[in-house]
Amino acid sequence: MKYWTIVFEGEWDQLVRETWSEDQIIESYYKYWSTCNLINDPQSDISREHCIEDWIVVHWAVETDEFGNKLENT
(Lines give C-alpha, C1' and ligand atoms only; values in the text may rest on other atoms or scores of the structure.)
Protein backbone atom coordinates (compact mmCIF):
# COMPACT_ATOMS: atom_id res chain seq x y z
CA MET A 1 0.00 0.00 0.00
CA LYS A 2 1.30 3.45 -0.89
CA TYR A 3 0.66 6.57 1.16
CA TRP A 4 0.52 10.19 0.06
CA THR A 5 0.88 13.31 2.20
CA ILE A 6 -0.64 16.70 1.46
CA VAL A 7 -0.19 20.05 3.18
CA PHE A 8 -2.73 22.86 3.00
CA GLU A 9 -3.84 25.96 4.85
CA GLY A 10 -6.45 25.30 7.52
CA GLU A 11 -9.45 27.32 8.57
CA TRP A 12 -7.42 29.44 11.03
CA ASP A 13 -4.37 29.96 8.78
CA GLN A 14 -2.52 27.00 10.27
CA LEU A 15 -0.77 24.43 8.11
CA VAL A 16 -2.59 21.11 7.99
CA ARG A 17 -0.77 17.92 7.05
CA GLU A 18 -2.71 14.79 6.13
CA THR A 19 -1.51 11.37 5.01
CA TRP A 20 -3.85 9.28 2.87
CA SER A 21 -3.64 5.65 1.79
CA GLU A 22 -4.51 4.80 -1.78
CA ASP A 23 -7.64 3.03 -0.52
CA GLN A 24 -8.73 6.22 1.29
CA ILE A 25 -8.14 8.25 -1.87
CA ILE A 26 -10.32 5.89 -3.90
CA GLU A 27 -13.03 5.84 -1.22
CA SER A 28 -13.31 9.62 -1.09
CA TYR A 29 -12.47 10.70 -4.66
CA TYR A 30 -13.28 7.95 -7.19
CA LYS A 31 -17.02 8.54 -7.58
CA TYR A 32 -16.60 12.31 -8.06
CA TRP A 33 -13.57 11.91 -10.32
CA SER A 34 -15.05 9.22 -12.57
CA THR A 35 -18.36 11.06 -12.93
CA CYS A 36 -16.61 14.29 -13.95
CA ASN A 37 -14.42 12.45 -16.44
CA LEU A 38 -17.30 10.59 -18.04
CA ILE A 39 -19.36 13.77 -18.37
CA ASN A 40 -16.46 15.62 -20.03
CA ASP A 41 -15.22 12.72 -22.13
CA PRO A 42 -17.30 9.53 -22.42
CA GLN A 43 -14.22 7.76 -23.83
CA SER A 44 -12.14 8.50 -20.72
CA ASP A 45 -9.87 5.76 -19.42
CA ILE A 46 -11.41 5.34 -15.97
CA SER A 47 -9.18 3.31 -13.66
CA ARG A 48 -8.03 3.19 -10.06
CA GLU A 49 -4.49 4.13 -11.12
CA HIS A 50 -5.60 7.18 -13.13
CA CYS A 51 -7.82 8.36 -10.30
CA ILE A 52 -4.94 8.20 -7.82
CA GLU A 53 -2.60 9.94 -10.28
CA ASP A 54 -5.10 12.76 -10.72
CA TRP A 55 -5.61 13.13 -6.95
CA ILE A 56 -1.83 13.34 -6.47
CA VAL A 57 -1.52 16.14 -9.03
CA VAL A 58 -4.57 18.09 -7.83
CA HIS A 59 -3.42 17.96 -4.19
CA TRP A 60 0.33 18.32 -4.81
CA ALA A 61 0.81 15.11 -2.84
CA VAL A 62 4.16 13.55 -1.96
CA GLU A 63 4.68 9.83 -1.41
CA THR A 64 5.48 9.07 2.23
CA ASP A 65 5.19 6.23 4.68
CA GLU A 66 1.95 5.69 6.60
CA PHE A 67 3.04 8.24 9.22
CA GLY A 68 3.80 10.99 6.70
CA ASN A 69 7.58 10.56 6.87
CA LYS A 70 9.55 11.19 3.68
CA LEU A 71 10.68 8.03 1.92
CA GLU A 72 14.37 7.59 1.17
CA ASN A 73 15.44 7.13 -2.48
CA THR A 74 12.18 8.32 -4.09
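In this predicted model, the side chain of S44 reaches the backbone oxygen of D41 at a distance of 2.7 Å, a polar contact being a pair of N or O atoms within 3.5 Å, of which, within protein, one must be able to donate a hydrogen and the other to accept it, while residues adjacent in sequence count only if both atoms are side-chain atoms. S44 is found in the loop between α1 (22-40) and α2 (48-59), and S44 counts as buried because its relative accessibility is 18%, the term buried standing for under 20% relative accessible area, exposed for over 50% and partly exposed for values in between, with a 1.4 Å probe and protein chains only.

Local features are described where pLDDT is at least 70 and side-chain atom pairs where pLDDT is 80 or more, whereas totals for chains, interfaces and linings use all residues. Residues are numbered from 1 along each chain as its sequence is written, and side-chain values use heavy atoms, with hydrogens and water left out.

The chain has 2 helices and 3 strands, which follow one another from the N terminus as β-β-α-α-β; helices (H or I, at least four residues) and strands (E, at least two) are DSSP runs numbered from the N terminus. The C-alpha trace spans about 40 × 35 × 20 Å along its principal axes, and 28% of the 74 residues count as buried.

When neighbours within four places in sequence are left aside, I6 is in contact (heavy atoms within 4.5 Å) with V16, R17, E18, W20, W55, H59 and A61.

Strand β1 also holds T5, which is buried because its relative accessible area is 6%. The side chain of T5 makes polar contacts with the side chain of T19 at 2.8 Å and with the side chain of T64 at 2.7 Å. Apart from neighbours within four places in sequence, the residues in contact with T5 include R17, E18, W60, V62 and G68.
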